[in-house]
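Biologist: I have a model open and would like to learn how to read its side chains. Where do we begin?

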Amino acid sequence: MDENKKAMSSLEEAIACPVCYKTLTTAPQDCNQCHNYFRNELAKLPSASLDLTPERIKGEIDDAVDSQPLRTELFRLPIISFLYERILPPIWAMGLRNVGGIDIEFQECREFFGQNLGIVADISCGTGIFSRRLALLQQCEQIIALDYSEAMLGQVQQQMQLEGISPSQITIIRGDVAALPFTPNSLDAVYSGAAMHCWPDATQGLRNIYQALRSGGKLFATTFLQPLPSIVFRFFTPDELPQMAIAAGFHPDCVQLETRGVYGIIKCVK
Ligand SMILES: C[S@@+](CC[C@H](N)C(=O)[O-])C[C@H]1O[C@@H](n2cnc3c(N)ncnc32)[C@H](O)[C@@H]1O
């Protein structure tokens, strides 16, 4: 099998229906749970973006749509996704996120992930700040950029075009961290930047990531901390972050916490 076909088949094995958790090869031809929605979405690979949110799948079946909290919905506004990467990076670089900015975070994450990157998912990718940098390195077997916001994913596509990144280099998935469309034990690494405070339930999100990671797989996740006030977002105390990772399934010896002011980073190995 040539390298491209091998990579495509490992991608197909990693992506699962978020309703029945079957993959393209194990899902029945006439699925009575999603009415073949999953199979039809996967047929769009390798170049189109897929909508694998459970709400979309359920909506196909019975118009049922789960509501999301404001901290998730906010990012679906086109104005927020348009301004996000045009405004925030210089503010982050002054120290809110990492002194030196997103490039420092990318470098630190690369060092943690190490060589031989296989399938890497950027969960809650936003405008693809991480996935696009990773694609330019050309060291991964597969990169998956997943976010709940269609508007953010539209920005990922636009920026990829501007940066000359081909659609086959990043698989774009609309998905919900509360029901990730991944096969258990299929991902080699997950990056989730500045996102946990936006999720409906951060521990549940981490649990889903833990399940999707293979044994030895790595998670690099960042968020903002109290005393930032939890008005729209849910900010954490430094103690809560490792506790959440442990409650999600990570062994306490395999969870590291770093804090920089109101910025928290957890590095976990499954
Ligand atoms: C602050 S942005 C972070 C974007 C990017 N990772 C970064 O490093 O800048 C948080 C992202 O989380 C996404 N998000 C919020 N709730 C989500 C959910 N339930 N499932 C997946 N992504 C979600 C938002 O759409 C938004 O793009």
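Predicted model: local features only at pLDDT ≥ 70, side-chain atom pairs only at ≥ 80, totals over all residues.

Biologist: How many aromatic pairs does the structure hold?

Modeller: A pair of aromatic rings is described by the distance of the centres and the angle of the planes. The structure holds twelve such aromatic pairs. Take Phe-75 and Phe-233 as one of them. Their centres are 6.1 Å apart, with 40° between the planes, and the pair is tilted.

Biologist: Which parts of the chain does the pair of Phe-75 and Phe-233 tie together?

Modeller: Two loops. Phe-75 is in the loop between helix 4 (70-73) and helix 5 (78-96). Phe-233 is in the loop between strand 6 (213-224) and helix 10 (240-248). The pair therefore ties together parts that lie 158 residues apart in sequence.

Biologist: Is Phe-233 buried or partly exposed?

Modeller: The cut-off for buried is under 20% relative accessible area. Phe-233 has 21%, so it counts as partly exposed. Phe-75 has 16%, so Phe-75 is buried.

Biologist: What kind of pair do Phe-130 and Tyr-191 form?

Modeller: A stacked one, at 4.0 Å centre to centre and 15° between the planes. Planes under 30 degrees apart count as stacked. Phe-130 belongs to helix 7 (residues 129-137) and Tyr-191 to strand 5 (residues 187-192), so this pair ties together parts 61 residues apart in sequence. Both Phe-130 and Tyr-191 are buried.

Biologist: Now charges. Which residue lies over the face of Phe-82?

Modeller: Arg-86 does, at 3.9 Å from the ring centre. Look at Tyr-210 as well. Lys-270 lies over the face of that ring, at 4.7 Å from its centre.

Biologist: On to cysteines. How many disulfides does the structure hold?

Modeller: A disulfide is a covalent bond between the sulfur atoms of two cysteines. The structure holds zero disulfides.

Biologist: Let us turn to the ligand. Which residues come nearest?

Modeller: There are 22 residues around the ligand, and Tyr-84, Arg-97, Ser-124, Asp-147 and Gly-193 come nearest. Next, look for N and O atoms. A ligand oxygen is 2.6 Å from an N or O atom in the Tyr-84 side chain. A ligand nitrogen is 2.9 Å from an N or O atom in the side chain of Thr-72. For the side chain of Asp-176, a ligand nitrogen is again 2.9 Å from an N or O atom.

Biologist: How much of the ligand does the protein cover?

Modeller: On its own, the ligand has 600 Å² of accessible area, and the protein covers 98% of that.

Biologist: One last case. Where is Glu-108 found?

Modeller: In helix 6 (residues 102-113). Glu-108 has a relative accessible area of 14%, so it is buried. Its side chain makes a polar contact with the side chain of Arg-260, at 2.9 Å.

Conventions:
Residues numbered from 1 in each chain as written. Heavy atoms only, no water. Phe/Tyr/Trp six-rings, centres within 6.5 Å; stacked < 30°, edge-to-face > 60°. Helix = DSSP H or I, 4+ residues; strand = E, 2+ residues; numbered from the N terminus. Buried < 20%, exposed > 50% of the residue type's maximum accessible area, 1.4 Å probe, protein only. Lys NZ or Arg CZ within 6 Å of the ring centre and 35° of its normal. Disulfide = S-S within 2.5 Å. Near = heavy atom within 4 Å. Polar contact = N/O pair within 3.5 Å; in protein donor to acceptor, adjacent residues only side chain to side chain. Areas by Shrake-Rupley, 256 points an atom, 1.4 Å probe, with all protein chains shown as cover.
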